[in-house]
Amino acid sequence: MLTQHSQVSFYTELYTRIPEDNTLRIIQDHLDFSFINNLLKNSYSLYYGRPSKEPEMMVKLLILKKFYGHSDESV
C-alpha cells in the first residue's frame with residue numbers, strides 16, 4: 001500500500017504557530033492586497049528594464065515598517 005506524503009513548507013509551519021489574535025495575521029487573513037498589482041500595472045513596463053518587485057509585496061513591507069517603527073535611514 002502506497003501512502004502519500006504531503007510536503008509542508010517551513011513557512012507554513014511557522015504560520016501555524018502565530019496566534020489567531022495576532023494583528024498581522026488578522027490583517028493577512030482579512031485584507032486582499034491583490035488589487036494593488038492591478039491598480040499599478042500600467043506603471044511598469046512589461047518589455048523594458050529589469051522586472052520590478054511586486055507592488056503588493058512592497059506595500060506589505062511598508063506596512064511592516066510602519067507597524068514596527070522601522071526606518072530606511074541609518075543612524
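This is a predicted model: local features need pLDDT of at least 70, side-chain atom pairs count only at pLDDT 80 or more; totals for chains, interfaces and linings use all residues.
Reader: Where does arginine 25 lie?

Author: Arginine 25 is part of helix H2, which covers residues 23-30.

Reader: And which backbone oxygen does the side chain of arginine 25 reach?

Author: The side chain reaches the backbone oxygen of isoleucine 18, at 2.6 Å.

Reader: Which residue has arginine 25 over its face?

Author: That residue is tyrosine 15; arginine 25 is placed over its face, 4.4 Å from the ring centre.

Reader: Changing topic: how many aromatic pairs does a search of the whole structure find?

Author: The search finds one aromatic pair. Phenylalanine 67 and tyrosine 68 form this pair, with 5.1 Å from centre to centre and 80 degrees between the planes.

Reader: Why does the pair of phenylalanine 67 and tyrosine 68 count as edge-to-face?

Author: The angle between their planes is 80 degrees, and the pair is edge-to-face because planes over 60 degrees apart are classed that way.

Reader: Is phenylalanine 67 buried, exposed or partly exposed?

Author: Phenylalanine 67 counts as partly exposed, at 42% relative accessibility. Tyrosine 68 also counts as partly exposed, at 49%.

Reader: Which residues make the nonpolar surface patch?

Author: Met57, Met58, Leu61, Leu64, Phe67 and Tyr68 make a nonpolar surface patch of about 550 Å².

Reader: What about leucine 61: where is its place?

Author: Leucine 61 is in helix H4, residues 55-68. With a relative accessibility of 40%, leucine 61 counts as partly exposed.

How values were computed
Residues are numbered from 1 along each chain as its sequence is written. Side-chain values use heavy atoms; hydrogens and water are left out. Rings of Phe, Tyr and Trp (its six-membered ring) pair if their centres lie within 6.5 Å; planes under 30 degrees apart count as stacked, over 60 as edge-to-face and the rest as tilted. Buried means under 20% relative accessible area, exposed over 50%, partly exposed in between (1.4 Å probe, protein chains only). A charge sits over a ring if NZ of Lys or CZ of Arg is within 6 Å of the ring centre and within 35 degrees of the ring normal. Patches are made of residues with over 30% relative accessible area and no salt bridge: like charges are joined within 9 Å, nonpolar side chains (Val, Leu, Ile, Met, Phe, Trp, Tyr) within 5 Å. Accessible areas come from the Shrake-Rupley method with a 1.4 Å probe; for residues, only the protein chains shown count as cover. A salt bridge is a side-chain nitrogen of Lys or Arg within 4 Å of a carboxyl oxygen of Asp or Glu. Helices (H or I, at least four residues) and strands (E, at least two) are DSSP runs, numbered from the N terminus. A polar contact is a pair of N or O atoms within 3.5 Å; within protein, one must be able to donate a hydrogen and the other to accept it, and residues adjacent in sequence count only if both atoms are side-chain atoms.
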